[in-house]
Amino acid sequence: MSRRAAAVVPSRQARAVRLGPRSVAALGLVSAVGVVAFGWPFLAPPTSTLNAHAQDAPWLFAGLLVLLVAVVAATISESGLGAKAVAMLGVLAATGAALRPIGAGTAGIEPMFFLMVLSGRVLGPGFGFVLGSVTMFASALLTGGVGPWMPFQMLSMGWFTMGAGLLPGPDRLRGRGELALLAAYGFLAAFAYGTAMNMAGWPFLGELASRVSFDPDAAVPENLARFLAYCAATSLGWDLGRAVVTVVLTLTLGPAVLRALRRATRRAAFETAVTFEDR
């Protein structure tokens, strides 16, 4: 291979956090509990005692999730979230929290999501999960959006950002192919995020919307039909706006943001051990 050809081959991408066995186990645990917390209306049979507490269950899961997310963040931090990674986490979380209110209440214009996709891609799944959770927590404090839905938002955004870090080709895929991959992921994940949050809030409806609300006495197919009707009636347009904005910003601003993140990652030298010499 010539010197010129070798120069264009991307080097191995550094990770702000390398997940160890404990971190992976903690992520697996919180994800399993999260699936139950989001999907319990479809997992519990009509005769289950859980359905008798349909209005209490979301509160119980909200309290459980915030504890588990905190445990996962602490576990990942112990596995190597050093001072430089914490500084970058603070900058990106503050930027994402500041971006979230832009366009709030206007057809799903939420530029924060594209930054989460690109950050997760460059900095890896472990850092991505912590970044997504912390950013959503900070934005909730900034916008006054603190409530029982916040832990669900933190977990969903953690999954959203972590998923970008798990996409294939982090060390070799660059250019238009990478942008197309990130745009496609952002489009689908924006809908997945909206659907997950619908599942978290849907059981709260009670009798407010009888045709689309959760019915503890109904079978799973009937509740699934009610849920799909609820999504179509309340959030389909919002989710589409979020997905389109994420794609447009990824394709237009993505190259510059990816270069900036990779440059900052190289300069931070996350995987280089800090040593002290005697003088």
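**A walk through the helices**

Reader: Does Arg242 count as buried, partly exposed or exposed, and what is its relative accessibility?

Author: A residue is called buried under 20% relative accessible area, exposed over 50%, and partly exposed in between, with a 1.4 Å probe and protein chains only. By that scale Arg242 counts as buried, because its relative accessibility is 4%.

Reader: What kind of model is this, and what pLDDT does a local feature need?

Author: Residues are numbered from 1 along each chain as its sequence is written, and side-chain values use heavy atoms, with hydrogens and water left out. This is a predicted model, in which side-chain atom pairs count only at pLDDT 80 or more, totals for chains, interfaces and linings use all residues, and local features need pLDDT of at least 70.

Reader: How many helices and strands does the protein chain have?

Author: Helices (DSSP runs of H or I, at least four residues) and strands (runs of E, at least two) are numbered from the N terminus. Read along the sequence, the pattern of the protein chain is α-α-α-α-α-α-α-α-α-α. The count is therefore given under these rules as 10 helices and zero strands.

Reader: Among contacts between residues at least 6 apart in sequence, what share joins residues at least 24 apart?

Author: A contact means heavy atoms within 4.5 Å. Of the 279 residues of the protein chain, 48% count as buried. Among the contacts that join residues at least 6 apart in sequence, the share between residues at least 24 apart is 81%.

Reader: Which residues are linked with Arg242 in a network of salt bridges?

Author: A salt bridge is a side-chain nitrogen of Lys or Arg within 4 Å of a carboxyl oxygen of Asp or Glu, and a search of the whole structure finds five of them. Glu110 forms one with Arg242, the closest N and O atoms being 2.9 Å apart; this pair links distant parts of the chain, with Glu110 in the loop between H4 and H5 and Arg242 in helix H10, 132 residues apart. Asp239 forms another with Arg242, at 2.8 Å between the closest N and O atoms, and these two are three residues apart in helix H10, which means a separation of about one helical turn. The partners of Arg242 in the network are thus, by the salt-bridge rule, Glu110 and Asp239.

Reader: Why are Glu222 and Arg226 separated by about one helical turn, and how far apart are their closest N and O atoms?

Author: An α-helix has 3.6 residues a turn, so residues three or four places apart point the same way. Glu222 and Arg226 are four residues apart in helix H9 (residues 220–234), which is why about one helical turn separates them. Glu222 counts as partly exposed at 40% relative accessibility, whereas Arg226 is buried at 15%. Between the closest N and O atoms of their salt bridge, the distance is 3.5 Å.

Reader: Which residues form the nonpolar patch on the surface, and which helix gives the most to the patch?

Author: Patches are made of residues with over 30% relative accessible area and no salt bridge, like charges being joined within 9 Å and nonpolar side chains (Val, Leu, Ile, Met, Phe, Trp, Tyr) within 5 Å. Phe187, Leu188, Leu240, Val244 and Val248 form this one, with about 420 Å² of accessible area together, an area that comes from the Shrake-Rupley method with a 1.4 Å probe, only the protein chains shown counting as cover for residues. Two or more residues come from each of helix H8 (175–201) and helix H10 (236–268). With three residues, the helix that gives the most is H10.
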